[in-house]
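Hi everyone, thanks for making the time this morning. Let me bring the structure up on the screen, and then we can walk through it together.

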Amino acid sequence: MIETRIATEVRAEGRKLSGYAATFHNETRILDFHETIAPGAFAASLRSQPDILALVDHDSGKVLARTKSGSLRLSEDAHGLRFELDVPPTTLGNDILAMAARSDLGGMSFGFTVPEGGDEWRGDKRTLRNVVLHEISVVQSFPAYGGTSIQARARQQRTDTDRRLAILELEASHVAIPQN
């Protein structure tokens, strides 16, 4: 199943959106653990994935661009996962551009899976060192994780195994993106 995370850097210029879908070294709280993304975490995906999509709200029925066609360009730099996408002249594309021009977008997010050995746990801190990137998404509002507020309020002390199970539960609440 695919995990998602949010970042907030997005700019509109003409019919292009650009910015960062993920940034390095910024700690985020997920459930009852903290997570950071290490530089290089996306490098293998950017070299090997034949097609990465740009979606709206992680919805595979709302495609804005894709790497296969060249309408989505992704790269890693010292700051994070940089993107530039050509927004299509469709109703969906026009709506996204209008929201971006008014600064009404919630930000950017990305959908990924973690291969065996791709993350490192130290107590309640997880570092993503290698992820399989499936998509980036323009987020119109704020992403929500099912059950997050209940679990966060419980303040349960969890083992690494318990945290991994909680991540799997979060992943199960998301719709999987079909792979080619």
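I'll talk about one buried serine, then charged pairs, and finish with the nonpolar core.

A word on the source: this is a predicted model, where local features need pLDDT of at least 70, side-chain atom pairs count only at pLDDT 80 or more, and totals for chains, interfaces and linings use all residues. Residues are numbered from 1 along each chain as its sequence is written, and side-chain values use heavy atoms, with hydrogens and water left out.

Let's start with Ser-137, please. You'll find Ser-137 in strand S13, residues 132–139. Helices (H or I, at least four residues) and strands (E, at least two) are DSSP runs here, numbered from the N terminus. Is Ser-137 buried or exposed? Ser-137 is buried, with a relative accessible area of 0%. For reference, buried means under 20% relative accessible area, exposed means over 50%, and partly exposed is in between, with a 1.4 Å probe and protein chains only.

Which residues does Ser-137 touch? Leaving aside residues up to four places away in sequence, Ser-137 touches Leu-55, Val-56, Asp-57, His-58, Gly-107, Met-108 and Ser-109, where a contact means heavy atoms within 4.5 Å. Take Leu-55: C-alpha to C-alpha, Ser-137 and Leu-55 are 4.5 Å apart in space, yet 82 residues apart in sequence.

The side chain of Ser-137 has polar partners too. One of its polar atoms lies 2.9 Å from the backbone nitrogen of His-58, and a polar contact of 2.7 Å joins the side chains of Ser-137 and Glu-135. By polar contact I mean a pair of N or O atoms within 3.5 Å; within protein, one must be able to donate a hydrogen and the other to accept it, and residues adjacent in sequence count only if both atoms are side-chain atoms.

Glu-35, in strand S5 (residues 33–37), is buried at 3% relative accessible area. The side chain of Glu-35 makes a polar contact of 2.9 Å with the side chain of Arg-126.

Now, how many salt bridges does the structure hold? There are ten, each being a side-chain nitrogen of Lys or Arg within 4 Å of a carboxyl oxygen of Asp or Glu. In one of them, Glu-84 meets Arg-73 at 2.8 Å, N to O. Glu-84 lies in strand S9 (residues 80–86) and Arg-73 in strand S8 (residues 72–76), so the pair ties together parts eleven residues apart in sequence. Asp-86 also forms a salt bridge with Arg-73, with the closest N and O atoms 2.9 Å apart. That pair again links S9 and S8, 13 residues apart. Glu-84 is partly exposed at 26%, as are Arg-73 at 31% and Asp-86 at 25%.

Finally, the core. A nonpolar core is a set of buried Ala, Val, Leu, Ile, Met, Phe, Trp, Tyr and Cys residues joined through side-chain atoms within 4.5 Å. The largest one has 30 residues, and Leu-17, Phe-42, Leu-72, Phe-83, Leu-85 and Ile-136 touch the most other members. Elements giving two or more residues to this core include S8, S9, helix H2 (91–101) and S13. Thanks, and I'm happy to take questions!
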